[in-house]
Amino acid sequence: MAIKQLSETLINQIAAGEVIERPASAAKELIENALDAGATRIEIATASGGKALLRVTDNGSGMAETDLELAVRRHCTSKISETLDDIRTLGFRGEALPSIGSVAKLSIASRRAGAAGGAEIAVAGGKVLFLRPAAANTGTIVEVRDLFFATPARLKFLKTEKAEAAAITEVVKRMAIAFPRVRFVLSGSDRSTLEFPATGDDHLARMAQILGADFKDNAIALDAEREDVSLTGFAGVPTFNRGNSAHQYAFVNGRPVQDKLILSAIRGAYAETIPAGRYPIAVLSLTLDPALVDVNVHPAKSDVRFRDPGLVRGLIVGAVREALAREGDRAATTGADGMLRAFTPGRSGFQQGWRPAPAPTTWAAETSPSRPYEKAATAGYGFAERPQAAFEGLAIPTARAEVAPPAEPIRAEEPARFPLGAARAQLHENYIVAQTENGLVIVDQHAAHERLVFEAMRKALHSKRLSSQVLLIPEIIDLPEEDCDRLIAFADELGELGLAIERFGPGAVAVRETPAMLGEVDAQGLVRQLADEIAEWDTASGLAAKLEYVAATMACHGSVRSGRRLRPEEMNALLRQMEATPGSGQCNHGRPTYIELKLSDIERLFGRS
C-alpha cells in the first residue's frame with residue numbers, strides 16, 4: 001500500500017484525540033491561554049457538561065486579526081521560540097485551538113488593549129468559516145459548541161453530563177489555587193454559579209475557598225529548599241484527612257500537575273500517620289529552573305519528568321515530615337466539631353424540641369432559676385407535702401468539689417505549663433481527661449501509648465544496623481539482568497536493613513541473610529518487590545516500610561491496654577511523653593490519639609456564648 005500525506009483536518013483530529021480527551025480538557029487549555037495572556041478575571045460558562053457549550057471569557061491582552069488567523073493553525077504559538085529548555089508559560093505546543101476547531105464549532109472574538117476594534121474568527125470541523133472585524137471588549141471570548149460533532153464516536157466515551165461538569169469544576173479549582181490573584185467565575189445551565197474572588201498574595205485564603213474554611217485551622221505551612229528546587233505550600237495535619245486523594249494538589253512552576261512521583265512522595269511523607277483508606281490534604285508548589293523539568297512528556301501536560309527525581313521526592317518527604325514533627329501533633333479541629341454535633345438537639349438522647357436557654361446579660365444567684373430552694377422556703381412552701389417530707393432533713397445538693405474529694409486525689413499540676421494540660425480524671429479505664437489553659441483534652445490512652453512505643457522502636461531501628469539471620473542455604477532468585485543491576489547498586493543500603501544479597505551470574509541474585517525482625521520471610525517475593533520499587537522510584541524504601549510495619553504491630557501489642565486503670569502520676573507522665581514525641585497526635589493506624597475541646601466550645605453547649 002502506497003504511503004500518502006494525511007489531510008490537515010485529519011491530522012488535527014488525530015491530535016485532538018490526545019489533547020482534547022473530554023470537555024474538561026478543552027476547558028483546561030482555554031483557561032491556560034487566558035492566564036498566559038495575563039488575565040485577572042476569567043469567566044467560564046458551560047451547558048450539558050461542556051458538550052453543548054463551553055465559553056471562556058477573559059480580560060487578558062487579547063489578539064489582533066492576524067493573530068487570530070494563526071491561532072487556529074497547528075504549531076503556531078507566541079510562547080516559545082527555538083528550544084523547550086525555558087518554558088515559563090502554561091501553554092506552548094500550539095495545538096489546543098486547532099485541535100478543538102477540528103472536532104467542534106469554535107469561535108474566537110478578541111481585541112487588544114488600545115485597539116480601535118476587535119476581530120472574530122469561526123472554525124467548524126477543521127474549516128475556517130470566516131475572519132472579520134467585530135465589536136469586542138479588551139480580552140478574548142472563546143466559545144466551543146457541539147464538542148466532538150465531527151467525531152461522533154468520541155461522544156460515546158464521555159460520561160454523564162453531571163460527571164463532565166464536575167470534571168470542569170475540578171479543573172477550575174486547580175487553576176484557582178495556582179493563581180490566587182485571578183478571579184474565577186464558573187456558571188451555566190448545568191450547574192449553580194461558583195465564584196472564587198481574587199485573594200492577592202494570600203494563598204491560604206484561596207485554598208480555604210476551595211478546600212473549606214477548616215483547612216486554614218488544620219494546615220501547616222511548608223517552606224523548604226534543596227539545591228535548586230524550592231517547595232512551598234501547606235500540608236494538613238494527619239487527623240484532618242479525606243476518603244480519596246482528590247484534595248491533593250501539586251504545582252510545578254505554577255502549572256497544575258498530577259504527577260505520580262509527587263503523589264507518591266506525599267503518601268510516603270504521611271506513612272504511619274494516616275489510617276488505611278484515608279488520604280491527607282496537601283497543596284504543594286515546586287519552583288525550579290525550567291531546564292530541570294520536562295513538561296513536554298504528554299500533550300495534556302499533566303505529567304512532568306524531573307531531571308533529578310530523587311532530589312524532588314526527598315525534598316517533599318523531608319519537608320512534610322519536618323512540618324508534621326513541628327506542628328502535626330495537634331488534633332484536627334474537626335474532632336471538636338464532631339463532638340459538638342454529637343451533643344446537638346435531636347441527637348444522643350436530647351429531645352427534638354430542646355434549645356439552650358439564652359444566656360442572661362447579668363447573672364445573680366438570688367434570681368437564678370437554677371436555685372429555687374431559698375425562694376420556695378421564704379414563700380412557706382418547703383417540703384410541706386407528705387410525699388416530700390422525707391427530704392426535709394437532707395442537705396442541699398452542692399457541686400463544690402471539696403465537699404466530696406476523690407478517693408485518690410490527682411496531683412494538681414498547672415495546666416498552663418503544658419500543651420496537653422494536666423490530668424484530671426480517667427473515664428472507662430481508657431480515656432484521660434486533662435485540663436488545659438483554655439479548654440480540655442480527651443486522650444485515648446491505648447492509642448497514645450501505642451504511638452510512643454512505636455516511635456521508640458523506630459528510633460532504635462534507624463540508629464544501628466539491624467540484626468540478620470543467615471540462611472543455611474542461600475536462596476537464588478532469577479531476575480532480569482537490569483533488575484539485578486539495580487539491586488546490586490543498593491546492596492549496601494539493603495545490608496544495613498539486614499538483607500544481604502550478592503550477584504549470582506548475569507540474571508540472578510543470591511540472598512544470604514534476611515532481617516531477623518521479620519522472622520520467616522518470603523525472600524523471593526521481597527526481592528522482586530524491591531526490584532520493582534527501585535526501577536520505578538530509584539529508592540529502596542520498601543524493606544524499611546515492611547520493618548516499620550512489623551514494629552507498629554509489636555507496638556500495638558506492647559502498649560497500655562484499654563481497660564487498665566492508671567494512677568494520676570502515670571496519666572501525667574503519658575501526657576508529658578506525648579508532648580515530647582513527634583507524631584503523637586495519631587496512633588500507628590492513623591487514628592487520632594486525642595481530641596481538644598476549647599472552653600468557648602463548651603460554653604456554646606451550655607448556651608453561654
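Predicted model: local features only at pLDDT ≥ 70, side-chain atom pairs only at ≥ 80, totals over all residues.
1. Of the contacts in the protein between residues at least 6 apart in sequence, 68% join residues at least 24 apart. The secondary structure behind this comes to 18 helices and 24 strands.

2. On burial and surface: the protein has 609 residues, and buried ones make up 43% of them. The protein exposes about 31900 Å², with carbon and sulfur atoms supplying 53% of that area.

3. Please keep an eye on confidence as you read. The average pLDDT is 80, and 77% of the residues score at least 70. Over residues 347–361 the pLDDT is below 50, yet this stretch has 17 contacts in the model beyond near neighbours in sequence. Residues 396–405 also stay under 50, and for them the model has 2 contacts beyond four places in sequence.

4. Now to the charged pairs. Side chains of opposite charge can pair when their charged atoms come close. The count here comes to 22 salt bridges, and a few deserve a visit in the viewer.

5. Which parts does the bridge between Arg132 and Glu120 tie together? Arg132 lies in strand S5 (residues 127–134) and Glu120 in strand S4 (residues 118–124), so the pair ties together parts 12 residues apart in sequence. The closest N and O atoms of this pair are 3.8 Å apart. Arg132 counts as partly exposed because its relative accessibility is 41%.

6. Arg565 and Glu429 form another salt bridge, with the closest N and O atoms 2.9 Å apart. Both residues sit in loops: Arg565 between helix H16 (542–558) and helix H17 (568–580), Glu429 between strand S18 (422–427) and strand S19 (431–436). The pair therefore ties together parts that are 136 residues apart in sequence. Are the two partners buried or exposed? Arg565 is exposed at 64% relative accessibility, while Glu429 is partly exposed, with a relative accessible area of 27%.

7. Asp485 pairs with Arg503 in a salt bridge whose closest N and O atoms are 2.8 Å apart. This one links distant parts of the chain, 18 residues apart: Asp485 belongs to helix H13 (residues 481–489) and Arg503 to strand S22 (residues 500–503). Asp485 is partly exposed, with a relative accessible area of 39%, and Arg503 is partly exposed too, at 31% relative accessibility.

Note on methods. Residues numbered from 1 in each chain as written. Heavy atoms only, no water. Helix = DSSP H or I, 4+ residues; strand = E, 2+ residues; numbered from the N terminus. Buried < 20%, exposed > 50% of the residue type's maximum accessible area, 1.4 Å probe, protein only. Contact = heavy atoms within 4.5 Å. Areas by Shrake-Rupley, 256 points an atom, 1.4 Å probe, with all protein chains shown as cover. pLDDT = per-residue confidence, 0-100. Salt bridge = Lys/Arg side-chain N within 4 Å of Asp/Glu carboxyl O.
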